[in-house]
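Please walk me through this structure. Start with the ligand and its surroundings, then turn to the sheets.

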Amino acid sequence: MSGFYAPFEKLIVLSSQISLKMGNFTKNSEITKQDIMGKGFYKVPTAKNEPVKSYAPGTPERELVLKTYKEIFNTKVDIPLYIGAEEVRTGKTAKIVVPHDHQHDQGQYHLAGEKEVKAAIQSALKAKKAWAALAWEQRAAIFLKAADLLAGPFRQRMNAATMIGQGKNIFQAEIDSACELIDFFRFNAEFMAEIYNEQPQSDETAWNRTEYRALEGFLYAVTPFNFTSIAANLPAAPALMGNVVVWKPSDSQVLSAQVVMEVFQAAGVPDGVINMVTGDPEMITNIVLDSPDFAGIHYTGSTQVFKGIWKKIGERIDTYKSYPRIVGETGGKDFILAHPSADAKQVATAISRGAFEYQGQKCSAASRCYLPKSLWTAIKEYLVADVQSFKMGSPEDMGNFINPVIHERSFNKLEKYINQAKADEQAEIVVGGNCDKSKGWFVEPTVILTQDPHYTTMETELFGPVVTIYLYEDQQWEQTLKLVDSSSIYGLTGAVFSQDRYAIVEASKALENAAGNFYINDKPTGAVVGKQPFGGSRASGTNDKAGSKANLMRWISPRSIKETFVPATDYRYPFLGE
Ligand code: NAD
């Protein structure tokens, strides 16, 4: 069942006739057993955001996560591909690199070849019929179970794998791989029920129903390294709506990706519904996109990769059975704008957290700031003091606010831009600026000050702990609004700080299209499922807001059904009368 059909109001008299017809229909059709399982309009448990645990010294969760961390760190893993019921080991492998200790031997993951990618597609298509026909409440139950498993027995395994594999401190891991992912599972189940409840009107002559069908074919999920929750939600959201998926995680997220597959299995996601393949992203993507059954992509990652995939889909448009759904959340160059009326300490704190938590590797991280000259001395004092107080190192040491960046490519890129800023006349390093890759990929949180609002680090997405500040003349507020709006190709997140309501209104209007997530007197990071649905437009993506009804709507194809009870038997309308 893929809809809660509104009972027609005036034809109660005919209800016996309808059930009789349904009885005949089910007897004679090929419909599977699962279709008729729904015997009620079930209410999904009301979704509430998962409380964030504190991990303060002496708490049981701190002890448990550290114990689990040690166990995982000291065990070499061998991560297979998950294709249908099989764990496939191709023998072609790559090393799992731990960002804070790149010489540590954490084990390996297997690389798919052409054969395995094709097998994953076939396995998804094989699972399709039974899964799409399964009653919605059964699918919801599986993902609600996944949420509870993650909130309980899997929580610290998921957090520890994320800390080690993606270089997150416990707080960053907890808000991502535990809380946000639990929220995605729970809220999406509720949103699915809301969608199914949206039914058309009927009248005395016919019962109108909308059936929210899964898409024909299979979906492809391509996910980034920086959020375990996104990595798991991108295949899970379409699957919840009755679709089958081939999932390609990032090479830099495989350690927690394996735990995600374990949660799916433990929750009862049937074999073949979500297949995980790792390996050469371009080769895997080409094979997937060549399939006529490719029904859509759920992507998060950098802008250029997404544009490349979009082009390839366009080139193959004649091969597909349906128009593929293309959903992608991509890069950002997120801003903090302070009005002269802003509170300096609040602005400084927003930069410290918004630019540097998780080493600035959040798509929402602040990376360009526009501050009035009159506030700079005060903001600078607070900001420099904050940055100098940050401790940097391994995620295992809970005193560390800052951890490594994800990989050597990212380290080298950031070091290059920092060195360039040291050399360039238009830029100066206010604080930070050191990089050390001897043991892990450590880049000091760095604040660059520039006199050029179009300086390269004001406009290029660096995806690391580097923020650039431009100071504007206090009386140039209106020009600065135009500058903020026009000097980036992206439109993901942004924040305005002001105590002046007129200035807030002005900024909200002038920057209407500059950010899909707009913050007033708050940092531009930390969106919560169900509270601030996330996504941006312009070069930042299709803005289908992960963790919202709008996103789930992309994974279904509604069918309108009109059932007439007493069909017409004469073609003549009254106007034809003599
Ligand atoms: P990335 O683009 O390097 O990788 C993303 C995914 O694409 C990975 O699975 C990767 O293997 C795959 N990929 C890489 N090259 C490919 C190719 N040629 N063909 C097909 N697939 C390919 O991004 P990343 O470093 O993992 O993540 C950081 C990026 O993601 C940043 O740009 C960030 O802004 C963005 N991001 C955006 C959001 C959002 O909601 N807007 C959220 C998280 C991350």
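This is a predicted model: local features need pLDDT of at least 70, side-chain atom pairs count only at pLDDT 80 or more; totals for chains, interfaces and linings use all residues.

Residues are numbered from 1 along each chain as its sequence is written, and side-chain values use heavy atoms, with hydrogens and water left out.

Begin at the ligand. There are 27 residues around it, and Thr-223, Ser-302, Thr-330, Cys-363 and Glu-461 come nearest. A residue counts as near if one of its heavy atoms lies within 4 Å of the molecule. By class, the shell holds 13 nonpolar, 10 polar and 4 charged residues. Here Ala, Val, Leu, Ile, Met, Phe, Trp, Tyr, Cys and Pro are nonpolar, Asp, Glu, Lys and Arg are charged, and the others, Gly among them, are polar. Both domain 1 (16-330 + 543-559) and domain 2 (334-520) give at least three residues to the shell. Those bounds come from an automatic or database domain assignment.

Now look at the ligand's oxygen atoms. One lies 2.7 Å from a polar backbone atom of Thr-223. At Phe-225, a polar backbone atom is 3.1 Å from a ligand oxygen. Glu-461 uses its side chain instead: an N or O atom there is 2.7 Å from an oxygen of the ligand. On its own the ligand has 850 Å² of accessible area (Shrake-Rupley method, 1.4 Å probe). The protein covers 87% of that area. The largest share, 3 residues, comes from α9. Helices (H or I, at least four residues) and strands (E, at least two) are DSSP runs, numbered from the N terminus.

Next come the sheets. Strands pair if DSSP finds at least two bridges between them. Ala-338 stands opposite Phe-497 in β20.

Another open sheet has 3 strands, ordered β1-β5-β4, again with mixed pairing. Its edge strands, β1 (77-79) and β4 (93-95), each pair on one side only. Neighbouring strands of this sheet are turned by 20° against each other on average, direction ignored. Strand β4 and strand β5 (residues 107-110) run antiparallel, joined by 3 bridges. Across that pair, Ala-94 stands opposite Tyr-109 in β5.

Conventions:
A polar contact is a pair of N or O atoms within 3.5 Å; within protein, one must be able to donate a hydrogen and the other to accept it, and residues adjacent in sequence count only if both atoms are side-chain atoms. Axes are lines fitted to C-alpha atoms, for helices over the stretch in contact, and angles run from 0 to 180 degrees between N-to-C directions.
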